[in-house]
Amino acid sequence: MKLIKKIGYILCFLGFSFFVGSLFVGTYKVSPEVFNQWIQNKEIKSEVFIKNTKKDIVNIELSSWKLSRFIIKNAEISNNYIKNKREIDWNKIIHIKWNKTYKEYVFPLVRESATGWFVQNTELWFFLTFGLAILGGLLVFIPDYKLLGPAGIKNNGIFQHSATNRGILGLITAFFFIGFYILLYFFPNYIVNPILAVNGISKALSGNNASQWFLYGFMYCSVMTVFAVRMFIKYRHNKYQFIRTAVVLFFQIAFAFLIPEILVAFNKPWFDFKNAWPLNYSFFFDWNINGLINSGNLGIFMFVWGVLLTLVIIPIMVYFYGKRWYCSWVCGCGGLAETLGDPYRQLSDKSLFSWKVERWLIHGVLAFAIGMTALTLYVYFSKIPSWKELTLGISVYDVQTWYGFFVGSIFSGIIGTGFYPILGNRVWCRFGCPLAAYMGFVQRFKSRFRITTNGGQCISCGNCSTYCEQGIDVRSYAQKGQNIVRSSCVGCGICSAVCPRGVLKLENGSDTGTSRTEIKEVILGNDIDLLSMTQKND
Amino acid sequence: MKNIVIIGNGIAGITAARHIRKKSDYKITIISAETAYFFSRTALMYIFMGHMKFEHTQPYENWFWKKNRIELLKAYVNSVNTETKELVLDNGTVLPYDDLIIATGSKPNKFGWPGQDLKAVMGLYSKQDLETITKYSKDCHRAVIVGGGLIGIEMAEMLISKNIPVTFLVRETSFWNKVLPAQESEMINQHIKEHAIDLRLETSLSKIISDENGRVKAIVTDVGETIACNLVGLTAGVSPNISFLKKSNIKLGRGVLVNRYLQTNISNVYAIGDCAEQHKSIDERNAIEAVWYTGRMMGETVARTVCGNASEYTPGNWFNSAKFLDIEYQTYGWVWAKPKKDEARFYWEHKEGKKCIHLNYNKETQQFIGINTFGIRMRHHLFDKWLKEKQSVIYVLEHLKDANFDPEFYQQHEAEILTQYNRENGTNLHPRKKNWKQIFLKG
């Protein structure tokens, strides 16, 4: 069994090495047709840029790094040239921004121009990266069925292992996570080879070439699957965990991956039916509304569904089941956190200070999302173009861009997932997600959900607080016999699982509101006659 | 302003301090030689196993004490002078008090075994014990644990988590069978073996043998077998940690003798938690209760008394819990190892041998007396209520679904349990549907 596990590690490492190594190899040759098409699509008007770039890259085999460098360099030269003229022709300026130019200008050209081994051997290439990594991952986790011993809570060594206790392995993991997100969001021109590995699958599903987002979606699903197997084995004694993991995996693969791709194959808009505003912050953006409305009945249904989901379905479901039905049973961010992120859940900060930070941040993001959406709808209905300046040189498009950059990319991706091995697995869900903040209000003030504390059985050991991914100090409630009703609780159920004394139970009771949290003092300790005590004015 | 000094920062002392602060503005000082801040002793095993770090076992953040004006003093109390109302600390400081609360807990029992003070021979009670076992487990090729109780099995779990082979010597014929009825005890025997622990029943320790460096290299059992090992856990119970009081005027038995107000023979000196001994046992309880929960209750009670509302210690219905490797155990009311003569029992065990319930009730009146539950969590407050209301065993069985506290989607066994009861007793009971109103009823 240990041997199988070791082989798994080796295969996984190989697949991962091929993946990373491929960023530094491969050749790209821009054909004149692709080049001209690109100039046209991107509406590039600078003759200097077109002439220089054509000379530098067309029909020449280059690495993606050189190719990208040429484009940016020529854009800089062209901009300088134009700005030095007496009359500046602003139409010919190519705006160079690190977080936009590479993905919007450079990437499409690089993507189209891949040549050589990676294009010709898609299937083998898929096997060498994803194939080996997935197989290896499964071989690493499946032997745990025997190696972990009889079913039960086996958190042995978590705080003594470098990978799960912010040691050097944890830092290396974080480095790769963060690096991947930076490339994915801002420099997809460098990850064309990994994208090629999943090209065959994309073609089979939707008929289109794979984009960086298809790569991301496929990686997301495969990582979740492998780590879901880990969850199934680790919590095989715990049916709540078993079913929850299976369901969240299903929603990711079916609703966030397969259904949208199949919709595209049928010429329908890419649509994730479970992704609700305000987490799906671009739902009310003009291009999305127009795109849906112009897609016939199905598009209109999608639009109505999206509005209903946020305004009706979500609050009703949170009332009955707490926000867990979404956050740890359906949501993609939650799904990744509960699978890939599970080994890092203990790293969340439990201090009172971090709770204060949490409340400011998450509600701040919610306010930002609502403000941005309100502005968006205002200009939409007033028929003001979104790029038009509203005040102080700011347009709605600017506000949307800031949100997309700071919240959409930096917060939810780079910090939220990239920092799993340092800050824990729910940083985005706890500090940033505006949908979580919205559901939190319902959960806190009007819901049947609570974590019931079992009378006086708590021994204050701290397992519940330690393994709470949301940084809730569960013990501080449990040890005084108070039920836990917190807006941030995502109902993962791990506090209840790790409790050695059977003190915690997630349940949906009949009482709602503040009565859920009344302390039953008598049970905690002494048989005090409470009535007589109140008379004594104690 | 009254000056309260508490010796010991365990659950009893800390609970007392917190409740005194809630009720009063008195000056509160807590003295401990063990750690600067309160931590949960019951979690020491999880630190060793890597489930948690020491800081995670501290229920309150470090700023809590200053904010609540509870002064923490890291020192050892050498002596208590009740006439001058002063303590003498190991650093020579003389500390005056108005009210003194003794909450010094226990220390592991040692029964004069030859070699009991060798290196790598230890109990598991204090933070220092944790440091010792961490140090000596690093090069441990086999460990022997002596004593078949709760701490012994925890220590075994700790060591096997580090892949250290463990031999577990239990003097009795079956694990913890002075407390557990035979069936439960046997279930745990099997579970211990399932974890590849070398369980030796009816075996006790005769001596511990030293190597040339003064560290244990083997033990010899009472049947003359020598077992090579370089770590020995002594877990044959605990006794009150009160030797520093021997020269004081405070009356001692095995523990510090107290009345129902937790007051010693000196009126402004109290004792709570593991170190307190009741003059007369309360109900069926032991005179000395070395349990987390009772420590907490006594802390709460004494706080009321100290703050002017003299209150008796009335611990209510007995409850307790533990975890034996992977099997959780809870108990409410009394289920003795052997039924008393007016008692009858009902025992159900799941076919996989990891879950069972054992009900104890009065043969004549059918009144419910207590339940042991293994592998199934039950609601404390419902059982407490049913015990108070003197419900019958039939009522309890019929309402068992209300009491189930297992996580959602867990397999439930009430129907199976009642079928067996009906078969054995010729009754025709059916489990009542789960009723939220019943569950959340106040009181």
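Two residues are in contact when their C-beta atoms, placed from the backbone, lie within 7 Å. Keep that cut-off in mind, and remember that what you're looking at is a predicted model.

Start by selecting chain A. Among its contacts with a separation of 6 or more, 76% are between residues 24 or more positions apart. Color by secondary structure and you'll have 27 helices and seven strands to click through in chain A. The radius of gyration of chain A is 26 Å, close to the 24 Å the globule rule gives for 538 residues, so chain A is as compact as a globular protein of that length. How much of chain A is buried? Of its 538 residues, 44% count as buried.

Next, bring up the contact between the two chains. Chain A puts in 48 residues and chain B 45 residues. On the chain A side, highlight α13 (239-265), α23 (463-466), α24 (474-478) and β7 (504-508): each supplies at least two of the residues that touch chain B. Now color that side of chain A by residue type, and you get twelve nonpolar, 26 polar and ten charged residues.

Last stop: chain B. Give each domain its own color: domain 1 takes in 3-107 + 239-306, domain 2 is 121-236, and domain 3 is 320-440.

Methods. Residues numbered from 1 in each chain as written. Chains lettered and ligands numbered in written order. Predicted model: local features only at pLDDT ≥ 70, side-chain atom pairs only at ≥ 80, totals over all residues. Domains from an automatic or database assignment. Helix = DSSP H or I, 4+ residues; strand = E, 2+ residues; numbered from the N terminus. Rg over C-alpha atoms; globule rule 2.2 N^0.38 Å. Buried ≥ 20, exposed ≤ 12 C-beta atoms within 10 Å, placed from the backbone. Nonpolar A, V, L, I, M, F, W, Y, C, P; charged D, E, K, R; others polar.
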